[in-house]
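Subject: Structure for you to look at

Hello,

I am passing on a structure that you have not worked with before. Please have a look at it first; my notes follow below.

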Amino acid sequence: FRDRLAVAVSSPLLGGQRGAFRLYDMTGRLVREERVVLGVNEMETGDLPPGMYFWSVEAKGEVVKGGKIVKMEK
């Protein structure tokens with residue numbers, strides 16, 4: 001990703017509930033947190049420096065998905 005990040009959420013993922021998308025830098029510091037709903041959720045990321053990030057989607061207080069993502073230079 002570069003300046004925008006799109007997070008697609010399916011119904012089974014959240015079980016009909018709202019969820020939270022969290023983005024962490026390599027040190028584990030939370031750098032972005034957004035509420036997500038069913039469908040495609042877009043967020044601005046232009047202020048984040050290039051590098052690797054860890055992400056998670058949580059619903060009902062539990063992590064339901066997670067992984068790694070790389071922000072490329074402009």
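Of the 74 residues of the chain, 34% are buried, where buried means under 20% relative accessible area, exposed over 50%, and partly exposed in between, with a 1.4 Å probe and protein chains only. This is a predicted model, in which local features need pLDDT of at least 70 and side-chain atom pairs count only at pLDDT 80 or more, while totals for chains, interfaces and linings use all residues. Residues are numbered from 1 along each chain as its sequence is written, and side-chain values use heavy atoms, with hydrogens and water left out.

The fold

Helices (H or I, at least four residues) and strands (E, at least two) are DSSP runs, numbered from the N terminus. The C-alpha trace spans about 35 × 25 × 15 Å along its principal axes.

Contacts here mean heavy atoms within 4.5 Å. Among contacts between residues at least 6 apart in sequence, 54% join residues at least 24 apart.

The start of the chain

F1 lies in the segment before β1 (4–9). F1 counts as buried because its relative accessibility is 18%. Leaving aside neighbours within four places in sequence, F1 is in contact with T45, Y53, I69, V70, K71 and M72. One of these partners, I69, is 68 residues from F1 in sequence and 7.9 Å away in space, C-alpha to C-alpha.

Regards
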